[in-house]
Amino acid sequence: MATFMFTRVLDPATQGRRSLDVTADSLDGALKEMVRQMPAVEVHLFDHTGVLRPHVLCFVDGESTRLEDRSRPIGPNSKIRFLQAVSGG
Amino acid sequence: MQLAIGTEKGGYVLDPATGQVDGPVFPGWKVTAFGRVPGGDHLAGVGSNWFGAAVHRSPDFSEWSQVEAGPGYGEERALSEIWTFHAVGDTVYTGVAEAGLFRSDDGGTTWSGVEGLNQHRTRDQWVPGGGGLCAHSILEADGTMWAGISAVGVFRSEDGGVTWEPKNEGIPSPLSEPDAPRPEVGYCVHALAHDPAVPDRIWRQDHAGVFRTEDGGDTWERIENGLPAGFGFVMCRDHATQRLFTVPLHSDGNRVPVDGAFRSYVSEDDGDSWHVAGAGWTDTPDYSSVLRGAVASDGDGTIAIGTTTGSVWVTEDAGDKWACVPARFPRIGAVSLL
């Protein structure tokens, strides 16, 4: 079981839900399950080409990542956090 | 009567009679457009410079949910902002940036591109202007449609939106070379209005001034008699009185009212001449401007105008008397009557 955690800025897309537990072995699997369960979030985290939006931060188990390596394994207690943008003024 | 106010930081509901404000909805997000599914849900265009844009839907303007299968170009190009909604029969259209139109035939649940415009043969010549590259104005009457795209121009469709042709003859060429041939596109329309009873007479607030067509856009003529400036973003028709309203700004390089005199101007002769609309305006210098989506009319005397400094002006007698509502908001980009 991995847990996604969302900034409250995303409340309009998540209906106020700040976390989501998913079962997956890889980051890619976890992301796909997250989008399946919360499809409205996808357009806000990823651009039209599927790349993480430039000012959105994602931490996987405390490590800042741009999600390039989506094949990386995740553990049963992994935390995947999407944070509010901190750039842009 | 209540007003929906879309701002840089959330959406609000305003009772102009009392100044009571409810909200915000979508706190922290830009609310860029309001609309309504024919006979059904409210719609809101909501966006963020960081998290992108989406359409939200509500049965009561209180509980909102994001449309999951919203408008989008797929991997072809980005959709960065929702600019307008326009209902035609059972269909609702939205105009977006990067410029294009999308339509929903199922109450806003799913959306598909208006490909005759979105894939237009001139598309590779569409270049963003100061306001980006957005489709912001939609008109329709008896199967004929018009779309206004900033920095591109007006397009007309005579087959219900299947095929489109640019209609900008009479608008000054965007090219500075006097002998250069007129390009098909590159005309920066800011707003459109018409009277459905006479649909081919269209008024156009353009980057280059104020214009009118009597033939559905085939030819345009300048109509600025009495205006202190031709620049602006507003064109609004009160159908009951056949009055036409705009809010002039000094120029494209100085987008504020001339001499700080914030006023709406009215034409009572279909644009032949203009004068200050009624009374109630402040003599205090006011350098607010009005953006293209921040004007709403019920067509029967009530008009509301939101400004870039967060004030809201309302008339309920077709412009004879204006009052500034005692409430202030973040920069206003969208106004709608509820």
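Predicted model: local features only at pLDDT ≥ 70, side-chain atom pairs only at ≥ 80, totals over all residues.
Leaving aside neighbours within four places in sequence, B:L192 is in contact with B:S137, B:L139, B:W146, B:G148, B:V154, B:I202, B:R204 and B:M235. The largest nonpolar core, with 90 residues, counts B:L192 among the members that have the most contacts inside it, together with B:I5, B:A147, B:V234 and B:V335. As general background, nonpolar side chains tend to be buried together in soluble globular proteins.

The strand β16 of chain B, residues 189-195, belongs to an open sheet of four strands. The order in this sheet is β16-β17-β18-β19, and the pairing is antiparallel. Both β16 and β19 (221-222) of chain B stand at the edges; each has a single partner strand, so one side of each is left without a neighbour in the sheet. At the β19 end, strand β18 of chain B, covering residues 209-213, runs antiparallel to β19(B) and is joined to it by two bridges. Within this pairing, B:F211 has B:R222 of β19(B) as its bridge partner.

Turning to chain A, five strands make up an open sheet with the order β2-β1-β5-β3-β4 and mixed pairing. The edge positions are taken by β2 (19-22) and β4 (63-65) of chain A, each with a single partner strand, so one side of each lacks a neighbour in the sheet. On average, neighbouring strands of this sheet are turned by 25 degrees against each other, direction ignored. Strand β1 (residues 2-6) of chain A and strand β5 (residues 79-83) of chain A run parallel and are joined by four bridges, with A:T3 standing opposite A:K79 in β5(A). By contrast, β3(A) and β5(A) pair in the antiparallel sense, also over four bridges; here A:V60 has A:I80 of β5(A) as its bridge partner.

The two faces of β5(A) can be told apart as well. A:I80 and A:F82 make up the covered face, while A:K79, A:R81 and A:L83 make up the uncovered one. Helix α2 (residues 27-37) of chain A packs on the sheet and touches β1, β2, β3 (57-60) and β5 of chain A. The direction of this helix makes about 120 degrees with that of β2(A). The buried residues of α2(A) are A:L27, A:A30, A:L31 and A:M34. Seen down the helix axis, these buried residues fall within an arc of 100 degrees, so they line one face of α2(A).

The contact between the chains takes 17 residues from chain A and 20 residues from chain B. On the chain A side, α1 (11-14) and α3 (39-45) each supply at least two residues. The helix that gives the most to this side is α3(A), with four residues. By residue type, the side of chain A that touches chain B divides into nine nonpolar, six polar and two charged residues.

A few backbone details deserve a look when browsing the model. In chain B, a cis peptide bond joins B:G23 and B:P24, with omega about 5 degrees; B:P24 is placed in strand β3 (residues 20-25) of chain B. Another cis peptide bond joins B:A97 and B:E98, where omega is about -10 degrees. B:E98 is found in the loop between β9 (91-97) and β10 (100-104) of chain B.

Positive phi values in residues other than glycine are also present. A:Q15 has a phi of about 60 degrees and lies in the loop between α1 and β2 of chain A. A:Q15 counts as partly exposed because it has 13 C-beta neighbours inside 10 Å. In chain B, phi of B:D270 is likewise positive, near 60 degrees, and this residue has its place in the loop between β24 (265-267) and β25 (275-276). With 17 C-beta neighbours inside 10 Å, B:D270 counts as partly exposed.

How values were computed:
Residues numbered from 1 in each chain as written. Chains lettered and ligands numbered in written order. Pairing = 2+ DSSP bridges. Axes fitted to C-alpha atoms, helices over the stretch in contact; angles between N-to-C directions. Contact = placed C-beta atoms within 7 Å. Core = buried A, V, L, I, M, F, W, Y, C linked by C-beta atoms within 7 Å. Buried ≥ 20, exposed ≤ 12 C-beta atoms within 10 Å, placed from the backbone. Nonpolar A, V, L, I, M, F, W, Y, C, P; charged D, E, K, R; others polar. Arc of directions from axis to C-beta.
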